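Here is a short briefing on one part of a fold. Look over the sequence and the structure first, then read the points below.

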Amino acid sequence: MSRTPAARTSVEIATQPASWRRAAEAAAGFEGLPKPGERVAVTGCGTSWFMAQAYAALREAAGQGETDAFASSEFPAGRTYDRVVAITRSGTTTEVLDLLERLRGRVPATVLTADPKTPVMDAADAVAVLDWADEESVVQTRFATTALAFLRAGLGSLTGLKSVEEAAVDAELALTEPLPEAAPAAEQWTFLGRGWTYGLALEAALKMREAAGAWTEAYPAMEYRHGPIAITGPGRVTWVFGELPEGLAGDVARVGGTLVSRPGTDPLADLVRAQRLAVALAESRGLDPDRPRNLSRSVILAP
């Protein structure tokens, strides 16, 4: 009996724990990470922007300095920073390259990329090449989380947060345990997070839209009651990354929604579960999660 080959995206999702461990080792010897006290901006496009948001919140919470995150196309030209960190899997994204060119000679730039044979290598002052985390799938999973693991490891030990190694252990469990029973069958998903996990919520929603064309939304968890809860009801899932705000479980239950929350699991590992959900949903709808509609590996704009 023949078996349908696993989606390439699924294969790449499964390699994340090992990829994070390697990222933590690489970060220990990399000299281009922001120094404590520097005023930093982190940038990227799409998934990379959401990872930038997560890192910016982590760094500020760690007391290492003011840290902003911007989509590369929206970077405020008039602001002053000690360093800019750019995340770009392909190394060819037009908005990232244009921004780095504008910053050249004015602000030191550090880039995280997966491909050492791309123009971004000549556009930055320091480059971390995470080529072991590169992907064949258009949909980003492994590179994005590995870039965040690399940056997170560079912050050192963080109060109230597991180490990258511990997060990798949680991710191994997230790869093998069944998905939440109600999640694959739902008609709508709302992802929530606080602080750095809000970036993860945005990314989870994006994965669901990219891979499966799903109806998803993402919000800061405490904003959920200020309007977004109106969409919740029977057959709809509210998925919370990290700690569950007090009273939120009752609010979801009151309107008939289904709550998914794993506060004991590292939020980055919980994102792995959401990635798996996106692939499972795509396949159940007859879609190819490796080659989503209307998307390409890199956005390269005409000059």
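How many residues does helix α7 have, and how far does α7 reach from its first C-alpha to its last? The model is predicted. In it, α7 covers residues 197–212, which makes 16 residues. The helix reaches 22 Å, close to the 22 Å expected at 1.5 Å a residue.

**Helix α7**
- Buried here means under 20% relative accessible area.
- Of the 16 residues of α7, 14 are buried, so the helix is largely enclosed by the rest of the structure.
- Gly213 follows α7. The phi of Gly213 is positive, near 60 degrees.

**The sheet**
- An open sheet is formed by 4 strands, in the order β7-β6-β8-β9. Their pairing is parallel.
- The edge strands are β7 (216–220) and β9 (258–261), and each of them pairs on one side only.
- From one strand to the next, the twist averages 20 degrees.
- Strands of a sheet pair through backbone hydrogen bonds.
- Strand β6 (residues 188–193) and strand β8 (residues 236–240) run parallel and are joined by 5 bridges.
- Gln188 has Arg236, in β8, as its bridge partner.

**Helices on the sheet**
- Helix α7 packs on the sheet and touches β6 and β7. The direction of α7 makes about 175 degrees with that of β7.
- Helix α9 (residues 267–284) lies across β6, β8 and β9. The helix α9 runs at about 155 degrees to β8.

Conventions: Residues numbered from 1 in each chain as written. Predicted model: local features only at pLDDT ≥ 70, side-chain atom pairs only at ≥ 80, totals over all residues. Heavy atoms only, no water. Helix = DSSP H or I, 4+ residues; strand = E, 2+ residues; numbered from the N terminus. Expected span 1.5 Å × (residues − 1). Buried < 20%, exposed > 50% of the residue type's maximum accessible area, 1.4 Å probe, protein only. Pairing = 2+ DSSP bridges. Axes fitted to C-alpha atoms, helices over the stretch in contact; angles between N-to-C directions. Contact = heavy atoms within 4.5 Å.
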